[in-house]
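Please walk me through this structure in plain terms. I would like to follow it from one part to the next.

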Amino acid sequence: VCRLKSSVSFLTRPDRPNLAYHKLKGRNPGIIFLPGFNSNMNGQKAIALEDFCSSLGHAFIRFDYTGCGNSNGNFEECTIGKWRKDVLSILDELTDGPQILVGSSLGGWLMLHAAMARPDKVAALVGVAVAADHLVTTFNRLPIETQKEIEDKGEWKFPTKHNEEGYYTLPYDFIREAENHCVLNSPIPITCPIRLIHGMKDEDVPWKISLQVASRVLSRDVDVILRKGGRHRMSEKEDTKLLVNTVDDLIDKLSTV
C-alpha cells in the first residue's frame, strides 16, 4: 500500500541528510513507526497504524531513515549509529509529550536505543520481530575464514528472501560499526512498558531474540507474544490486527496512568 508522494514532508537538518516523513497531528501518546532494514515508511504495518491513529485522533509519524525511501543520503554510507541519530531527530524535532515507538525488525533494535537515550519521552515500546544485535551475531557465527574473506573484499552478501538477488550487500565497515550498538550483552536500562511480538516461523530473525530482549530490559512490564504461524514480516491480516490491538492496549494503559 502506498500513499501519494505529495503527502511527504521533510525534516531539514543542517549537519545531516533531510529525512522524509508523514505526520498526523493528534493527541498523546503519539505513535512513531520505525521500519526495518532496507524498508520504508509505506509498508503495510505503518499504514495500518496510521489509519488506526487517524480513527482515534492520536498523533502518528512514519518516516524513512537516511538513504532509504524518500530521505536524502546514500544507503551505502549508512550505519546503525546514523540511523539511531535519525530516530532521535524525529523524536526531538517533531514530537511533544509521551510517545509509543513501534519498531519492526531492525527498527526494533533502534527503538531500544531511542528509549535508552530519551527515557523521558519514550513512554512504551512495541517490537515486531525485534532484530537486536542480529546482523552482528550472524556475522560472528560465520567461519573465521569467511569473516576474513568478507573483510578482504570489504563487503558481505547477507542472504535474504526479500529481494530478487537473494542477498543484501553490506559494507564490512557497517558490521564493525554496528558492534558499537549491541545491547544483549548486558542489562538494558529501559523501564517503560514493552510488548514484543514475534512469529515462530520467522526465517530471518529468530524469535528467541525477543525472549533475550525481554530478559535483558530492566522493565518489569514486559510481554512477549509469539505467533505460531507468524513469519518475519507479520503481514497477515490477523498479524496486523494483533499489532493494532497491542498498541491500542498500551494507549489505554498510558492514558489511565
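**A walk through the model**

Ser105 is buried, because its relative accessible area is 11% and the limit for buried is under 20%. The model is a predicted one. Ser105 sits in the loop that runs between strand 5 (99-104) and helix 3. Its backbone has a positive phi of about 55°, although Ser105 is not a glycine. Ser105 also belongs to the lining of the largest pocket, where it is among the residues that lie nearest the centre.

Helix 3 covers residues 106-117. This helix has 12 residues and reaches 17 Å from its first C-alpha to its last, which is close to the 16 Å expected at 1.5 Å a residue. How many of the residues of helix 3 are buried? The count is 10 of the 12, so helix 3 is largely enclosed by the rest of the structure. The buried residues are Leu106, Gly107, Gly108, Trp109, Leu110, Met111, Leu112, His113, Ala114 and Ala115.

Ala129 has a positive phi of about 55° and is not a glycine either. Ala129 lies in the loop between strand 6 (122-128) and helix 4. With a relative accessible area of 1%, Ala129 is buried. Another backbone detail concerns Asn28 and Pro29, which are joined by a cis peptide bond with omega at about 0°. Pro29 has its place in strand 3 (residues 27-34).

The next topic is empty space. Rolling a probe the size of a water molecule over the atoms shows where such space is left. The largest pocket holds about 790 Å³ of space. Which residues lie nearest the centre of this pocket? They are Phe37, Ser105, His162, His232 and Arg233, out of 32 residues that line the largest pocket. Helix 1 (44-56), helix 4 (134-140) and strand 7 (155-159) each give at least two residues to this lining. By class, the lining of the largest pocket has 12 nonpolar, 15 polar and 5 charged residues. At least three lining residues come from each of domain 1 (9-132 + 184-249) and domain 2 (134-181).

The second largest pocket holds about 210 Å³ of space. It is lined by 15 residues, and those closest to its centre are Thr137, Arg141, Leu184, Ile209 and Gln212. Helix 4 and helix 7 (208-216) each supply at least two residues of this lining. Helix 4 gives the largest share, 5 residues. The lining of the second largest pocket divides into 6 nonpolar, 6 polar and 3 charged residues. Domain 1 and domain 2 each contribute at least three residues to the lining of the second largest pocket.

How many cavities of 30 Å³ or more does a search of the whole structure find? The search finds 1. The largest cavity has about 40 Å³ of space. Its lining is made of Lys45, Val128, Ile197, Met234, Asp239 and Leu243. Of these lining residues, 4 are nonpolar, none is polar and 2 are charged.

The last topic is the aromatic rings. The model has 11 aromatic pairs. In one of them, the ring centres of Phe37 and Tyr168 are 5.0 Å apart and the planes stand at 65°, so this pair is edge-to-face. The pair links distant parts of the chain, since Phe37 is in the loop between strand 3 and helix 1 while Tyr168 is in strand 8 (residues 167-171), 131 residues apart. Phe37 and Tyr168 are both buried. Phe63 and Tyr65 form another edge-to-face pair, at 5.4 Å centre to centre with 90° between the planes. Phe63 is buried at a relative accessible area of 0%, and Tyr65 counts as buried at 1%. Which residues do ring pairs link into a cluster? The cluster consists of Phe37, Phe63, Tyr65, Phe75, Trp83, Tyr168 and Phe174.

Note on methods. Residues numbered from 1 in each chain as written. Predicted model: local features only at pLDDT ≥ 70, side-chain atom pairs only at ≥ 80, totals over all residues. Heavy atoms only, no water. 1 Å grid on protein atoms, 1.4 Å probe; cavity = no way out; pocket = protein on both sides within 12 Å on 5 of 7 lines; lining within 4 Å. Points joined across faces, edges and corners; volume = space filled by probe spheres on them. Helix = DSSP H or I, 4+ residues; strand = E, 2+ residues; numbered from the N terminus. Nonpolar A, V, L, I, M, F, W, Y, C, P; charged D, E, K, R; others polar. Domains from an automatic or database assignment. Expected span 1.5 Å × (residues − 1). Buried < 20%, exposed > 50% of the residue type's maximum accessible area, 1.4 Å probe, protein only. Phe/Tyr/Trp six-rings, centres within 6.5 Å; stacked < 30°, edge-to-face > 60°.
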